[in-house]
Amino acid sequence: MSPSIVLGSSIAKIIGHNVKASNRFDPYVNMWVYEEMIDGKKLTEIINTEHENVKYLPGHKLPRNVVAVPEITEAVKGAKILVFVIPHQFIAKLCDQIKPHITEGTIGISLIKGIDEGPEGLKLISDIIREKLEIEVSVLMGANIANEVADEKFCETTIGAKNEANGVIFKELLQTPNFRITVVQESDTVELCGALKNIVAVGAGFCDGLGFGDNTKAAVIRLGLMEMVAFAKLFCKGEVSSTTFLESCGVADLITTCYGGRNRKVAEAFAKTSKSITELEEEMLNGQKLQGPQTSAEVYKLLQKRDMVNKFPLFSAVYQICFEGKEVKEFITCLQNHPEHM
Ligand SMILES: NC(=O)c1ccc[n+]([C@@H]2O[C@H](COP(=O)([O-])OP(=O)(O)OC[C@H]3O[C@@H](n4cnc5c(N)ncnc54)[C@H](O)[C@@H]3O)[C@@H](O)[C@H]2O)c1
């Protein structure tokens, strides 16, 4: 099995190099690491002695100014810039832990792909961070599969920053010759793209597992994109322009996730075996978490509340197949009466 590569360490590698080369930032980067024991040794100790995240980013040296810290409160002490890269199910609890240590003027950027559901409808992960920490939060989303970022293979990404000055800071912190950044103001659309494309990737994986060809997969990707646009227009509070979907966070991330990425891979195995998504996540992902199925569940709840399930057949079918026992072989049938074709 190939190792699962996490984005957090890949991004820490970029930030470590960039802050060393710039005089605008503090030269040390605290990287909070969820502590685990690896062959009897603490992962943070391994990272700080070998400068390698041997579990989640093996084979890549981290710059020495990146320091792994097991205590979250210790990691954020004195920080003016917070970069959030953890599975979305842990963010709320983490924010509660760090809130007492946040100082005025701190800004954040979230790379977390997922959504939540609140009493007023859609809740973005950046909304959770904003509400809990009372800081300004930008987002970064794009076609950025972590192992390729770590290998420094050329790619693009999108920063969504409502505050233009923060967008400039984050671009300086994160851009490299092989990690090219476009900054846009429509932060909520950028973030929603990052979350919703994981549902489409599950659909693409079903297609692969069921033995459909490239035409079918292209149709799934296009219908998925149309549902992403329609969903964003329905649920985003601010403006949603179609051009944002042409940025890396939109169409490019959608393509890469529907060909590579864990959601597609696990969904393909799901269609080929009788194992559950949870079993496959444990078997195939080496501690990584799947986001597509969970996001489909959040989306489905929001659609049900607005009586809109029928308008989003792809998102709804992914949810019903993952959680309600609908047969995976019915996936394509669900798309035959898509609103796009009526
Ligand atoms: N991996 C990628 O290619 C990629 C690319 C773009 C964006 N992202 C996004 O970045 C976010 C993080 O993804 P990832 O791939 O770095 O990690 P992941 O989702 O694969 O999860 C693994 C990480 O979760 C941590 N973890 C495990 N249990 C935890 C707990 N109880 N509390 C807190 N952390 C815990 C582990 O230490 C490890 O660092 C996700 O929202 C993902 O969508 C990932």
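Modeller: D253 is buried, because its relative accessible area is 2% (buried means under 20%, exposed over 50%, partly exposed in between, with a 1.4 Å probe and protein chains only). The side chain of D253 meets that of K113 in a salt bridge, 3.0 Å from N to O; the term stands for a side-chain nitrogen of Lys or Arg within 4 Å of a carboxyl oxygen of Asp or Glu. This pair links distant parts of the chain, 140 residues apart: D253 sits in helix α10 (residues 248-259), K113 in the loop between β6 and β7 (115-118). Helices (H or I, at least four residues) and strands (E, at least two) are DSSP runs, numbered from the N terminus. K113 is buried too, with a relative accessible area of 16%.

A word on the model: it is predicted, so local features need pLDDT of at least 70 and side-chain atom pairs pLDDT 80 or more, while totals for chains, interfaces and linings use all residues. Residues are numbered from 1 along each chain as its sequence is written, and side-chain values use heavy atoms, leaving out hydrogens and water.

Now follow K113 to Q291, which touches K113, H88, N198, R262 and N263, leaving aside residues up to four places away in sequence; contact means heavy atoms within 4.5 Å. Q291 lies in the loop between α12 (277-284) and α13 (292-305), and is buried at 15% relative accessible area. In the unreviewed UniProt entry, the annotation "binding site" covers Q291 along with F90, A146, R262 and K289; UniProt positions follow the numbering used here, feature names are shortened, and annotations may be inferred rather than shown by experiment.
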